[in-house]
Amino acid sequence: MNYAILILALGLAPVLPLVATFYFWFTRWKYRKQAVSSGLKGREAALRLLSENGLADIPVDSANELVGDHFDPKGRKIALSPDVLDKSSAFALAVAAHEVGHALQQKDGYRWFGWWMAVAPYVHMLTFVFQIIVMSLALVFPPILFLLVISYSLLFLMSILTLPVEYDASRRAMAELNRSGLIQNDDERSAVRNVLIAAGLTYIAKAIQDLLLAVYYALKVFRR
Ligand SMILES: [Zn+2]
């Protein structure tokens, strides 16, 4: 029984996020080509939604390739990738509105967003360094692997914290696009929804991966 879970965890852990990422790429490829009736590019759509919400002071710039589309809560700015920033498509509209959704969370003092901002940057950086150290030390002293159980449990906790934040940003994006008239028909509505769902699935896959890895290392350590 334990052995079966071990194999399952080991097999599924890397596969799930890959499948979710491929699905997101496919969705991006599909909806990058779908024009929107407003004709607005991602930057223009974001700026319009921001200014309609009293956030005209938040700039919308190009994103670093590595980091990708995001809202920077400290610097108070939105960064969009080239596919979104200067393109007009259902994909660009969805992503731009999602990032505006994060800006609106900050404006409204959304509780989960504050939590997430406080924890996220440190957990990522620290766990990465920590895991490399533990894996190296495990070569000479295998029981130390139990520290990986803790670190993946922490990552899982963080992934779980991210889910309501991402879901809420997408929910706000959908509401804003409907309210502002940037979405004008059911075709556009379903395209934007599909992009947001595909993006959301990558976060869910990440959470499941962290859980599986925590279980995997727990079984590995405690079966000794
Ligand atoms: Zn987001």
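Colleague: Hi! Where is S153 placed?
Modeller: S153 is in helix 6. Helices (H or I, at least four residues) and strands (E, at least two) are DSSP runs, numbered from the N terminus. This is a predicted model, in which local features need pLDDT of at least 70 and side-chain atom pairs count only at pLDDT 80 or more, while totals for chains, interfaces and linings use all residues. Residues are numbered from 1 along each chain as its sequence is written.

Colleague: Why does S153 count as partly exposed?
Modeller: Because S153 has 17 C-beta neighbours inside 10 Å. A residue is buried with 20 or more other C-beta atoms within 10 Å of its own, exposed with 12 or fewer, and partly exposed in between, with C-beta atoms placed from the backbone.

Colleague: And what separation do the C-alpha atoms of S153 and L211 have?
Modeller: They are 6.6 Å apart, although S153 and L211 are 58 residues apart along the chain.

Colleague: Let's zoom out. How many helices and strands does the protein have?
Modeller: There are seven helices and three strands, in the sequence pattern α-α-β-β-β-α-α-α-α-α. The C-alpha trace spans about 60 × 35 × 25 Å along its principal axes, and 35% of the 224 residues count as buried.

Colleague: In what order do the strands line up?
Modeller: The order is 1-3-2, in an open sheet with mixed pairing. Two strands pair if DSSP finds at least two bridges between them. Strand 1 (60-62) and strand 2 (70-72) are the edge strands, each pairing on one side only.

Colleague: How many bridges join strand 1 to strand 3?
Modeller: Three, and strand 1 runs parallel to strand 3 (residues 77-80). As an example, S62 has L80 of strand 3 as its bridge partner.

Colleague: Which helix lies across strand 2 and strand 3?
Modeller: That is helix 4 (residues 90-107), running at about 160° to strand 3. Axes are lines fitted to C-alpha atoms, for helices over the stretch in contact, and angles run from 0 to 180 degrees between N-to-C directions.

Colleague: Which residues touch the most other members of the largest nonpolar core?
Modeller: L93, A94, A96, V100 and V195 do, in a core of 39 residues. A nonpolar core is a set of buried Ala, Val, Leu, Ile, Met, Phe, Trp, Tyr and Cys residues joined through C-beta atoms within 7 Å. Helix 4 gives the most to this core, with eleven residues.

Colleague: What does V100 touch?
Modeller: Beyond its neighbours within four places in sequence, V100 is in contact with A46, L49, L50, I78, A173 and E176. Two residues are in contact if their C-beta atoms, placed from the backbone, lie within 7 Å.

Colleague: New topic: at what angle do helix 2 and helix 4 pack?
Modeller: The angle is about 35°, and the axes of helix 2 and helix 4 are 9 Å apart. Helix 2 brings G42, A45, A46, L49 and L50 to the contact, and helix 4 brings A92, L93, V95, A96, A97, E99, V100 and A103.

Colleague: Which residues of helix 2 are buried?
Modeller: G42, R43, A45, A46, L47, L49 and L50. The buried residues of helix 2 pack against strand 1, strand 3, helix 3, helix 4 and helix 6.

Colleague: And what follows helix 2?
Modeller: G54 does, with a positive phi near 70°.
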